[in-house]
Amino acid sequence: MLDADVELVTIRTSGDESSTTLPSVLGDKSRFVKELEDALLRGEIDLAVHSAKDVPAELPEGLAIVGVPARADPRDALCGCPALDELPEGARVGTGSLRRRSQLLARRPDLRVEELRGNVDTRLRRLAEGGYDALVLAAAGLARLGREEGEPIDTALMLPAAGQGCLALQARAGDSDLAELAGAVTDRSALTALTAERALVSALDASCHTPLAAYAEVGVEREGGAGGTLRLRAFAGLPDGSHWIGDSLEGGAAEPAALGRAVAERMLAAGAAEVLAEAERAAQPR
């Protein structure tokens, strides 16, 4: 077992540096985790804590996710209006997420969904100043900052990003001491859901340029003690919401990765590869 003394090391990532100035379509997910992963590989730190939705589906060789604490609220939250259906026609809605943009416009093509960057305080200030009629932010992010703004959006209306609301604890692969420590704070349901969602993203070969949502929920125990059920829902669409593919499938909680791959295969058969490729082209800066 490792020594009980723990040193907290703060590492600023390139994603932190660019998030307030660069459009969301630039770069890739790794900009939020790269510096921490490099520090792990160099042995400068022993454990990295990430927002799970920022961790690319494919990890660098030599690293592994060793723990997932209990999941916070995975839903998105609408700030400035009680509900999506109560937004007036042509309302200006701010978001930095292609996934949110696609789902908003798929449901409400009349909305003016506009790019909004900056940290949570900056975005909420822009809303208060009248720059937008509403914003969509992560409910978990608002809660972790102690902000009471926002009404959670039901997942039947908007699915979250894969891993939203989860923290991912990452360490060097094969470090049994760290794995044991991380396991002590791991929530089995959160780990199972995250595994299914990440398997789906990997199988679809999705990037941060593609509007993709995935949400897995662990259900009740099956009769005879055969383990719990797991339901995975997914969405892939174009940034303008004009075309999208959704799917839902239930399987055994004991094989979450298999369920993620199965949903991906069904979506690919329905044309998801073509939708995601077109979304990738549409999102590239011109």
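Helices here are DSSP runs of H or I with at least four residues, strands are E runs of at least two, and both are numbered from the N terminus. What you're looking at is a predicted model, where local features need pLDDT of at least 70, side-chain atom pairs count only at pLDDT 80 or more, and totals for chains, interfaces and linings use all residues. Residues are numbered from 1 along each chain as its sequence is written, and side-chain values use heavy atoms, with hydrogens and water left out.

Let's stay with H4, residues 120–128. At its start, a side-chain oxygen of Asn-119 reaches to within 3.3 Å of the backbone nitrogen of Asp-121. That is a polar contact, meaning a pair of N or O atoms within 3.5 Å; within protein, one must be able to donate a hydrogen and the other to accept it, and residues adjacent in sequence count only if both atoms are side-chain atoms. Val-120, Arg-123, Leu-124 and Leu-127 of H4 are buried. Buried means under 20% relative accessible area, exposed means over 50%, and partly exposed is in between, with a 1.4 Å probe and protein chains only. Seen down the axis of H4, these buried residues fall within an arc of 95°, so they line one face of the helix; the arc is taken from the directions from the helix axis to the C-beta atoms.

H4 lies across S3 and S6, and runs at about 160° to S6. For such angles, axes are lines fitted to C-alpha atoms, for helices over the stretch in contact, and the values run from 0 to 180 degrees between N-to-C directions.

That brings us to the sheet itself. Five strands make an open sheet with mixed pairing, in the order S5-S4-S6-S3-S7. The edges are strand S5 (112–115) and strand S7 (151–152), each pairing on one side only. Two strands count as paired if DSSP finds at least two bridges between them. S4 (residues 92–95) runs parallel to S5, joined by four bridges, and Arg-92 has Arg-112 of S5 as its bridge partner. S3 pairs with S6 in the antiparallel sense over four bridges, with Asp-76 partnered by Ala-138 of S6. On S7, the antiparallel pairing with S3 takes two bridges, and Leu-78 stands opposite Glu-151. Along S3, Asp-76 and Leu-78 point one way while Ala-77 and Cys-79 point the other way, and all are buried.

The loop between S3 and S4 holds Gly-90. Buried or partly exposed? Gly-90 counts as partly exposed, at 24% relative accessibility. Leaving out residues up to four places away in sequence, Gly-90 touches Asp-110 and Arg-112. Pro-109 is 19 residues from Gly-90 in sequence, and the two are 8.8 Å apart in space, C-alpha to C-alpha.

Helix H3 (residues 98–107) lies across S3 (76–79), S4, S5 and S6 (134–138), running at about 170° to S5. H3 is mostly covered, with eight of its 10 residues buried; among them are Leu-98, Arg-99, Arg-100 and Arg-101. Ser-97 caps the N-terminal end of H3, with a side-chain oxygen 3.2 Å from the backbone nitrogen of Arg-99.

Now for another sheet. Three strands form an open, antiparallel sheet in the order S1-S8-S2. Strands S1 (48–51) and S2 (63–67) stand at the edges with a single partner strand each, so one side of each has no neighbour in the sheet. Neighbouring strands of this sheet are turned by 40° against each other on average, direction ignored. Four bridges join S1 to S8 (residues 167–172), and Ser-51 stands opposite Leu-167 in S8. Helix H2 (residues 34–42) lies across S1, S2 and S8, at about 160° to S1.

Finally, the whole protein: it has nine helices and 11 strands, and buried residues make up 45% of its 286 residues.

How values were computed. Contact = heavy atoms within 4.5 Å.
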